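Please read this briefing alongside the sequence and the structure shown below.

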Amino acid sequence: MATANNVTEIIFLGLSQNQHVQKVIFVMFLLMYTAIVLGNGLIVVTIVASKGLSSPMYFFLGYLSFVEVCYCSVTAPKLIFDSLLKKKAISLQGCITQIFFLHFFGGTEIFLLTVMAYDRYVAICKPLHYVTIMNRRVCGLLVGAAWSGGLLHSAGQTFLIFQLPFCGPNIINHYFCDVHPVLKLACSDTFLISLLVIINGGSISVISFAVLLASYVVILNSLRSHTAEGRHRALSTCASHLAVVGLFFIPCSFVYMRPCITFPVDKVVAVFYTVVTPLLNPIIYSFRNTEVKNAMRRLVGRKVTWEEK
């Protein structure tokens, strides 16, 4: 690769090249990124510090919130910083590194959402065996499998990009490096590589979505035998999960489950799964949850009491 490459850096066109719009982008995304880190960070701290939030659902939610912060941090800080610059550039090595971590955390999030759907299936359809099935060891193995799946997916995507020669041009109409825009810069035939990229990303999306769909079909079918109060509680929990799944899967599917072609709207769609979903996750999952809100109040109360002492 080193002998074949004339390109040493990649230039981003960003979300806009208008200086006034870029100032708005700087303020808007700085506020959103701060809210993402604080909101999801608060969830992680609350779950770790609260003994009452020890169920598998909150165990998985804590990891999901942590992954959301990491996922957003791959692209948002660079976007915020670049909005202050005329030339938005990244080294070729930095570009490939960004692709690796983008798909690592993105793949891990997909697998975590699938694991959380399985958790809801066991909790609602097999409540008497829930504690036995979803014990601490099993939960740890499922989280480990999610991280491992994200790593394998990312390593595959990065390897496919890493072996390509880049000899110009070096400008992409995006605000971060991703497989489809970067593939367009390669100065060799990328048909086979593009096909493998689609198979790698598409298969994960299709299989995960199929598992999610099957889980909720079974859950909805089993709710017929529940009481009205039980149905309401189950549907409330499932609705939160489905909202996050929809916000993440729909834009991701639009970008990755198609031939390796790019559209100008791709960078706007990318904002939804890299920034908007992590921003809404604390609101959808936790701030509507009474147990989490009470745990947060107790956590803040303990901090205030400690400071007064």
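**Sheet, salt bridges and a surface patch**

In this predicted model, three strands form an open sheet in the order E2-E1-E3, and their pairing is mixed. The edge strands are E2, residues 88-91, and E3, residues 171-172, each of which pairs on one side only.

**The sheet and the helix across it**

- Strand E1, which spans residues 9-12, runs antiparallel to E2 and is joined to E2 by four bridges.
- Within this antiparallel pairing, Ile-10 has Ile-90 of E2 as its bridge partner, while Phe-12 stands opposite Lys-88, also in E2.
- Helix H3, made of residues 92-125, lies across E1 and E2, and its direction makes an angle of about 85° with E2.

**Salt bridges**

- The structure holds three salt bridges.
- One of them joins the side chains of Lys-87 and Glu-9, with an N to O distance of 2.8 Å; this pair links distant parts of the chain, since Lys-87 lies in the loop between helix H2 (56-82) and E2, whereas Glu-9 lies in strand E1, 78 residues apart.
- Glu-9 has a relative accessible area of 26% and is therefore partly exposed, as this class covers values between the 20% limit for buried and the 50% limit for exposed.
- Another salt bridge brings together the side chains of Asp-82 and Lys-78 at 3.3 Å, N to O; both residues belong to helix H2 and are four residues apart, which is about one turn of the helix, and both are buried.
- The side chains of Asp-119 and Arg-120 also meet in a salt bridge, at 2.9 Å from N to O, and both of these residues are buried.

- Phe-254, Ile-261, Phe-263, Val-265, Val-268 and Phe-272 together make a nonpolar surface patch of about 510 Å².
- Among these residues, Ile-261 is placed in the loop between helix H8, residues 228-256, and helix H9, residues 266-286.
- Why does Ile-261 count as partly exposed? Its relative accessibility is 41%, and partly exposed applies to values that lie between the limits of 20% for buried and 50% for exposed.

Key. Residues numbered from 1 in each chain as written. Predicted model: local features only at pLDDT ≥ 70, side-chain atom pairs only at ≥ 80, totals over all residues. Heavy atoms only, no water. Pairing = 2+ DSSP bridges. Helix = DSSP H or I, 4+ residues; strand = E, 2+ residues; numbered from the N terminus. Contact = heavy atoms within 4.5 Å. Axes fitted to C-alpha atoms, helices over the stretch in contact; angles between N-to-C directions. Patch = residues over 30% accessible without salt bridge, like charges linked within 9 Å, V, L, I, M, F, W, Y side chains within 5 Å. Areas by Shrake-Rupley, 256 points an atom, 1.4 Å probe, with all protein chains shown as cover. Salt bridge = Lys/Arg side-chain N within 4 Å of Asp/Glu carboxyl O. Buried < 20%, exposed > 50% of the residue type's maximum accessible area, 1.4 Å probe, protein only.
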